[in-house]
Amino acid sequence: MAAAQASGAADQLEFGEFKEEPIHHPESSPPKQNEATEQLLPPPTGQTTPSGPSFSSLEYYQQFFDVDTEQVVSRITSACWPFRDDFLTRIKDRSDLYGPFWISTTLVFVLAMAGNIVEFRMLEDTARGEWRYDFSKVTLAATTIYTYVNMVPLLLWAYMRWKLGSGPSLLEIVCIYGYAMFVYIPVAFVCILSSSAMMRLVFIVVALGLSGGSLVANFARTLSGSAAANRTLLLSLVALAHGAVALGFQMYFFQY
């Protein structure tokens with residue numbers, strides 16, 4: 001019995017002598033459980049990865065005003081020249097609201113000022129009474145221009161999505177419409193200098209041809225793969241709406 005106990009103790013001693021302890025290397029230690037999970041698995045349900053700024057934050061809209069002077073000038077010349085039809089292609093995914101906003105706002109005050117000056121010159125030449133500044137021209141100009149630059153693109157975009165299933169984005173359409181209105185700013189100053197109602201009409205028609213031609217050319221290129229009937233209808237609506245705005249400018253601001 002004593003011999004058996006001695007043999008068991010010897011076996012335990014022998015086993016303990018050859019037992020190897022694990023060796024830890026700090027440089028090559030395995031990643032922690034949470035680190036491995038982050039690297040190999042998607043985020044748990046309810047957690048999202050970092051994304052861009054929120055739609056309701058100012059940072060979100062800063063991207064639409066991130067343009068330089070060279071880009072603005074290039075887009076103005078492209079939108080006001082009917083022999084170029086690549087505006088919508090060039091601004092693809094790079095549309096801005098900086099140009100359309102400032103062009104529209106500038107045009108509001110330029111049109112109101114030009115209309116009042118033309119009216120003042122007409123009254124001065126004909127001695128038809130005392131002249132007073134008409135502030136309603138500012139209100140009418142703002143309502144007309146902001147409605148046109150925003151609502152017409154919205155209607156066109158909705159029509160193309162509903163009827164064609166494709167087309168430029170709403171922001172791209174607003175962008176080209178805003179830049180196309182620039183041509184009326186220098187024309188308004190030219191109309192101030194002209195004493196002839198007929199010449200002012202000619203200048204407005206020239207502006208209509210330049211900007212309206214550019215709009216039609218760009219949409220015609222974009223809709224080149226669409227059915228002829230839909231393309232003709234949409235281009236006709238673009239031309240008629242632009243012509244109606246130009247006619248309104250002439251009749252209310254420069255018809256003296």
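User: Is R84 buried or exposed, or in between?

Analyst: Buried means under 20% relative accessible area, exposed over 50%, and partly exposed in between (1.4 Å probe, protein chains only). R84 is partly exposed, at a relative accessible area of 30%. This is a predicted model, where local features need pLDDT of at least 70 and side-chain atom pairs count only at pLDDT 80 or more, while totals for chains, interfaces and linings use all residues. Residues are numbered from 1 along each chain as its sequence is written, and side-chain values use heavy atoms, with hydrogens and water left out.

User: Which residue forms a salt bridge with R84?

Analyst: Side chains of opposite charge can pair when their charged atoms come close. The cut-off for a salt bridge is a side-chain nitrogen of Lys or Arg within 4 Å of a carboxyl oxygen of Asp or Glu. R84 pairs with D86, the closest N and O atoms being 3.3 Å apart.

User: How many salt bridges does a search of the whole structure find?

Analyst: The search finds three. One of them joins D96 to R75, with the closest N and O atoms 2.4 Å apart. D96 lies in the loop between α5 (87–90) and α6 (98–126) and R75 in helix α4 (residues 69–79), so the pair ties together parts 21 residues apart in sequence. Helices here are DSSP runs (H or I, at least four residues), numbered from the N terminus. Both D96 and R75 are buried.

User: What does R221 pair with?

Analyst: R221 forms a salt bridge with D85, the closest N and O atoms being 3.3 Å apart. R221 is partly exposed at 38% relative accessible area, and D85 is partly exposed at 33%.

Notes:
Helix = DSSP H or I, 4+ residues; strand = E, 2+ residues; numbered from the N terminus.
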